[in-house]
Amino acid sequence: KQWYQRRVRGKNKAFQTQILSGEEENSANNCAKVCSGTTGRRVTDYQDYNDGVNVFVDVDMSGCAFVKIPNVVISVEGNSSHWTALGTSSVYIATPSSFRVYLKNEHAGARIDSLKDMEWNIDWVAVGFTC
C-alpha cells in the first residue's frame, strides 16, 4: 500500500492509494498513482467525426507514466450547453498513455469553433500503476 504524507492544519495526515481492480492484472500497491488533467479551455484539439454533429478528442496522459491501463473518469467542463451533450463520461480506446472521448450534440451540432467558444474541455482523473 502506498501512503502519502500531507500536512493539514499543523498535523501530518497519511493518505493511501489502493487499487482494488482494473482493466489488467494488478501490480503491487506501492506502484499505485493518482494523476489528473484537463485538455484546456479554448485549446482542446477536437477532431470532426465527418458528420457535423459528432467530434472526438484524443487525450494524452503519457506524463502519468502508467505501465498498465488505468481506471479513468472524465467530465466535460465548459461555460455553455455542455449539459446537452452525449458521451460526456464515456472513455474509449484507453491505453496506459491515452484515451479517446466522442461527443455528440444534436441540438447545436458539435462544430469545433462553437465548442471552443463555449470552452468545452475534458477534465479527467486516472488511477493506475507505474511499475
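Which order do the three strands of the open sheet have? The order is β4-β5-β7, and the pairing is antiparallel. Strands here are DSSP runs (E, at least two residues), numbered from the N terminus. Two strands pair if DSSP finds at least two bridges between them. The edge strands, β4 (47-48) and β7, each pair on one side only. β4 and β5 are joined by two bridges. Asp48 has Val55 of β5 as its bridge partner.

This is a predicted model: local features need pLDDT of at least 70, side-chain atom pairs count only at pLDDT 80 or more, and totals for chains, interfaces and linings use all residues. Residues are numbered from 1 along each chain as its sequence is written, and side-chain values use heavy atoms, without hydrogens and water.

Now the core. Leaving aside neighbours within four places in sequence, Trp124 is in contact (heavy atoms within 4.5 Å) with residues including Cys35, Val59, Met61, Val73 and Phe99.

The structure holds one cavity of 30 Å³ or more. A cavity is a set of points on a 1 Å grid over the protein atoms alone where a 1.4 Å probe fits but cannot get out; lining residues have an atom within 4 Å of a point. The volume, the space filled by probe spheres set on the points, is about 60 Å³ for the largest cavity. Of its 14 lining residues, Ile19, Gly22, Asn26, Ile69 and Phe129 are the closest to its centre. β8 gives the most to this lining, with three residues.

Note on methods
Helix = DSSP H or I, 4+ residues; strand = E, 2+ residues; numbered from the N terminus. 1 Å grid on protein atoms, 1.4 Å probe; cavity = no way out; pocket = protein on both sides within 12 Å on 5 of 7 lines; lining within 4 Å.
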